[in-house]
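Me: I would like to go through a model feature by feature. Please give the general idea each time, then the case at hand.

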Amino acid sequence: MPEGTAIKDDHEESTTSTRFIAKYIDHGTFGNVYVVYHPGAQREEAVKVVRFVDRKGKPLGDAERIERLRSQLDEAEIMLKLGLHPNIVAIRGICLQRNMQDSNKASVDDNLYVFMDYVEGGMTLSSCIKELDMDLTTKVRLAKGMAQGLRHVRQYSTHWDFKPENVLV
């Protein structure tokens, strides 16, 4: 998505629900991650843009679309229940935008947006392990933070995707 692209959540009551793409960060299994600016909250956020296409860009079938949407909404629901915790990236909102040319048909232009805290300069733990020489004190501090975050998550669910690629440091 080009910088400056507006993402408007028509379902929010607030008139300040529009966010603007600031820059591309990375991609994952289901889509891309961008930095967005939320003028109403006066902050930067990250947004995961979940696309309903396969690896070749072809629209998913109904069953695949439903499963992808279900898994992403289940994850978002649990993350919203977690609330704010210093060791967990919080979800700030979700929005499903449909291609309105034909609302009865699935479209490759349909997107699910998952808005979350933006951790500026954050690296994944897997990148950190490969690129940085950490001393024992830093390793212990990171392990303690991960344990505190996981303990909080366990109050609501068993975390299903805890791995170095999903840990920001």
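Me: How many bridges join β4 to strand β6, and do they run parallel or antiparallel?

Reply: Strands of a sheet pair through backbone hydrogen bonds, in either a parallel or an antiparallel sense. This is a predicted model. In it, β4 and strand β6 (residues 111-117) run antiparallel and are joined by seven bridges.

Me: What is the order of the strands in the open sheet?

Reply: The sheet has six strands, in the order β1-β2-β3-β4-β6-β5, with antiparallel pairing. At the edges are β1 (6-7) and β5 (91-97), each of which pairs on one side only.

Me: Which residue of β3 stands opposite Asp 26?

Reply: Val 33 in β3 stands opposite Asp 26. Strand β2 (residues 19-27) pairs with β3 over six bridges, in the antiparallel sense.

Me: How many residues lie between the strands in the hairpin of β3 and β4?

Reply: Four residues lie between them, and Gln 42 in this hairpin takes a positive phi near 55°. The two strands, β3 (residues 31-38) and β4 (residues 43-51), pair antiparallel over eight bridges. Across that pairing, Asn 32 stands opposite Val 49 in β4.

Me: Which residues make up the largest nonpolar core?

Reply: In soluble globular proteins, nonpolar side chains tend to be buried together. Here the largest such core has twelve residues: Ala 46, Val 50, Phe 52, Ala 76, Met 79, Leu 82, Ile 88, Ile 91, Leu 112, Val 114, Met 116 and Val 153. Two or more of its residues come from each of β4, α1 (62-82) and β6. Another core, of nine residues, lies apart from it and includes Ile 7, Ile 21, Val 47 and Tyr 113.

Me: Setting aside neighbours within four places in sequence, what is Leu 82 in contact with?

Reply: With that exclusion, Leu 82 is in contact with Ile 88, His 152, Val 153 and Tyr 156.

Me: How many disulfides does the structure hold?

Reply: A disulfide is a covalent bond between the sulfur atoms of two cysteines. The structure holds zero disulfides.

Me: Is Cys 95 buried or exposed, and why?

Reply: Cys 95 counts as buried because its relative accessible area is 5%, and the cut-off for buried is under 20%. Cys 128 is also buried, at 4% relative accessibility.

Technical notes:
Residues numbered from 1 in each chain as written. Predicted model: local features only at pLDDT ≥ 70, side-chain atom pairs only at ≥ 80, totals over all residues. Heavy atoms only, no water. Disulfide = S-S within 2.5 Å. Buried < 20%, exposed > 50% of the residue type's maximum accessible area, 1.4 Å probe, protein only. Pairing = 2+ DSSP bridges. Core = buried A, V, L, I, M, F, W, Y, C linked by side-chain atoms within 4.5 Å. Contact = heavy atoms within 4.5 Å.
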